[in-house]
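Here's a quick briefing for anyone meeting this structure for the first time. Have a look at the model, then read on for its charged pairs.

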Amino acid sequence: MSATTTPEATVTPPVAPVRSTPPGPRRAPSPGRVLLIASLAAASVYFLLPVYWLIIAATKSTDKIYGSNGLWFDNPHLLENIGKVLTYDDNVYLYWVANTLLYAGVGALLATLLAAAAGFALAKYRFRGREAVFKTVLAGVLLPHTALALPLYLLFNKVGLTNTYWAVLIPSVVSPFGVYLCRIFAESAVDDTLLEAARVDGASEGRIFFGLALRIMSPALVTVFLFQFVGIWNNYFLPLVMLSDDRMYPITLGLTTWQTSQDRIPELLQYTVGGAFLSVIPLAVAMLVLQRFWRTGLTEGSLKG
């Protein structure tokens, strides 16, 4: 007689109900955080209010710029005003735009390349007097550009380069701050073992620099290019000293000549405002396009060991 076995029943223990705890009162922000937010908001208003006024003023006629509410529109004619700015005095403003793009674009590009080469050499090559050269570069960072304008004028006048494009371009390709930043970045980002491996593979020093180092240093190069581009774009004193032909002026110097003549020609007030509005647009576009590379370039060297 065979015995049959029955499976034992599985008993599930009762689950205690989960009690939801009521949310506690929200903590009030600390006084330090409130002060920080208020300071940032005040700084934003301080920097953005002139830009807002410039946008509003660029839409007004000459008599309305100071004769109406400066923070709101009054019968706007933006496109008409811009057309007058571009066509005044045989399109001289277009010459100024082209000159500024030449000075800032070519100058910033060459300055970035030279700064990258100098910074890489100071970081990765051992030679006598290296630290003395670097300290000289640091001294150049602290030296104001206006202090060099008169000596540069005397030097360029000796060789006959005043009132030429070279008089503004050549000084613009020197960037002590760019050399400093590229050296600091190359020391931390470019690995020595990587360079030795490239030399073992037969790569020349030029190929190592242009094919390897420049790619690794690209965040720092974008940062140097942006700083140099903005600095040359806003440069006023050097072109004032070097140039006498108004067709070679950059935008900054050209708008100043309009502003000084507005007592005799009142409509130049509106043209100056409209020209300043147009001159801000390329800088704003460059900042928006390159800002992520700019932030990376400022922090990359400190994150890599």
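A salt bridge here means a side-chain nitrogen of Lys or Arg within 4 Å of a carboxyl oxygen of Asp or Glu. This is a predicted model, where local features need pLDDT of at least 70, side-chain atom pairs count only at pLDDT 80 or more, and totals for chains, interfaces and linings use all residues. Residues are numbered from 1 along each chain as its sequence is written, and side-chain values use heavy atoms, with hydrogens and water left out.

- Arg199 and Glu196 meet in a salt bridge, 3.1 Å from N to O.
- Both sit in helix α8 (residues 192–200), three residues apart, about one turn of the helix; helices are DSSP runs (H or I, at least four residues), numbered from the N terminus.
- Arg199 is partly exposed at 27% relative accessible area, and so is Glu196 at 44% (buried is under 20%, exposed over 50%, partly exposed in between, with a 1.4 Å probe and protein chains only).

**Around Arg183**
- The structure holds eight salt bridges.
- One of them joins Arg183 to Glu131, with the closest N and O atoms 3.2 Å apart.
- Arg183 lies in helix α7 (residues 176–189) and Glu131 in helix α4 (residues 130–142), so this pair ties together parts 52 residues apart in sequence.
- Arg183 is buried, at 5% relative accessible area, while Glu131 is partly exposed at 36%.
- Arg183 also bridges to Glu187, the closest N and O atoms being 3.0 Å apart.
- Arg183 and Glu187 are four residues apart in helix α7, about one helical turn.

Notes: Helix = DSSP H or I, 4+ residues; strand = E, 2+ residues; numbered from the N terminus.
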